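Q: Please show me how to read a structure. I would like to go feature by feature.

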Amino acid sequence: ADWFANNIDPNGDFVYRYDRERAVDEGGYNDTRHAGVLWSLWQAERAGVEGAGEVAEAGFARVERLLKDTVVGPAMGTGSTLGTGTVGLLVAALDERRITTGLTDHDDLLVAFGRTLTAAVNADGSVSAGIHITNGPNDWRSPFFTGEVLWALARLHISFPDQGFDEPALRIRQYLILHRDEVET
């Protein structure tokens, strides 16, 4: 948590790649990893790591700055196609924040993210890895995003049991167990 506190800028961006030998920030960024860092910081806050939640809140500024509306709901990132894994990890992060702090100020966003993710779950339970802002979910798959979306929808079902997030989560689970290894090799 201290490292992240010392390596965040006023926009909520963390140092992503740094060359210690040359003392150079090499730039680049990965929004999915950013979302994962927020999740880990709120987990650390819940575990009693002092200041972790404050750093996560500061890092949320990047999310707010890069939040975009797509044809299926909100997502976060740069460019015209946004990653479902990013949204999945943001759900996990915000749900962890909700559990840790008791704050419900992002509940509407959490449910909206759930709707976005539900739209990316295909009839067979596979998950579109990207959502184009105007064209919606794509046909590309990720070896990571499917599990991240499953985890997010399962968490949302627990936090918001009346919103119907269990059905797409169960579809993904079935796909992972029975078909993914054959289809996504």
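Q: Is Val91 buried or exposed, going by its relative accessibility?
A: Buried means under 20% relative accessible area, exposed over 50%, and partly exposed in between (1.4 Å probe, protein chains only). Val91 has 0% relative accessibility, so Val91 counts as buried. Keep in mind that this is a predicted model, where local features need pLDDT of at least 70, side-chain atom pairs count only at pLDDT 80 or more, and totals for chains, interfaces and linings use all residues. Residues are numbered from 1 along each chain as its sequence is written, and side-chain values use heavy atoms, with hydrogens and water left out.

Q: Where is Val91 found, and which residues does Val91 touch beyond four places away in sequence?
A: Helices (H or I, at least four residues) and strands (E, at least two) are DSSP runs, numbered from the N terminus. Val91 is found in helix H4. Contact means heavy atoms within 4.5 Å. Not counting residues up to four places away in sequence, Val91 touches Leu110, Phe113, Leu117, Ala152 and Leu156. Val91 and Ala154 are 63 residues apart along the chain, and their C-alpha atoms are separated by 10 Å.

Q: At what angle do the axes of H4 and H5 cross?
A: Axes are lines fitted to C-alpha atoms, for helices over the stretch in contact, and angles run from 0 to 180 degrees between N-to-C directions. The axes of H4 and helix H5 (residues 107-119) cross at roughly 150 degrees and come within 10 Å. That makes H4 roughly antiparallel to H5. Angles under 35 degrees count as roughly parallel, over 145 as roughly antiparallel, 65 to 115 as roughly perpendicular and the rest as oblique.

Q: Is the crossing of H4 and H5 left-handed or right-handed?
A: A crossing is left-handed if the near helix is turned anticlockwise from the far one by less than a right angle, and right-handed if clockwise. The crossing of H4 and H5 is left-handed. By class, their contact has eight nonpolar, two polar and three charged residues. Here Ala, Val, Leu, Ile, Met, Phe, Trp, Tyr, Cys and Pro count as nonpolar, Asp, Glu, Lys and Arg as charged, and the others, Gly among them, as polar.

Q: How do H5 and H6 pack?
A: H5 and helix H6 (residues 145-159) pack at an angle of about 135 degrees, with their axes 10 Å apart. That makes H5 oblique to H6. Leu110, Gly114, Leu117 and Thr118 in H5 meet Val149, Ala152, Leu153 and Leu156 in H6. These residues divide into six nonpolar, two polar and no charged.

Q: Where is Arg97, and which side chain does a polar contact join to that of Arg97?
A: A polar contact is a pair of N or O atoms within 3.5 Å; within protein, one must be able to donate a hydrogen and the other to accept it, and residues adjacent in sequence count only if both atoms are side-chain atoms. Arg97 lies in helix H4 (residues 84-101). The side chains of Arg97 and Glu57 are joined by a polar contact of 2.6 Å. Arg97 counts as buried, at 5% relative accessibility.

Q: Is Ala123 buried or exposed?
A: Ala123 is exposed, with a relative accessible area of 74%. Ala123 is found in the loop between H5 and strand E6 (130-132).
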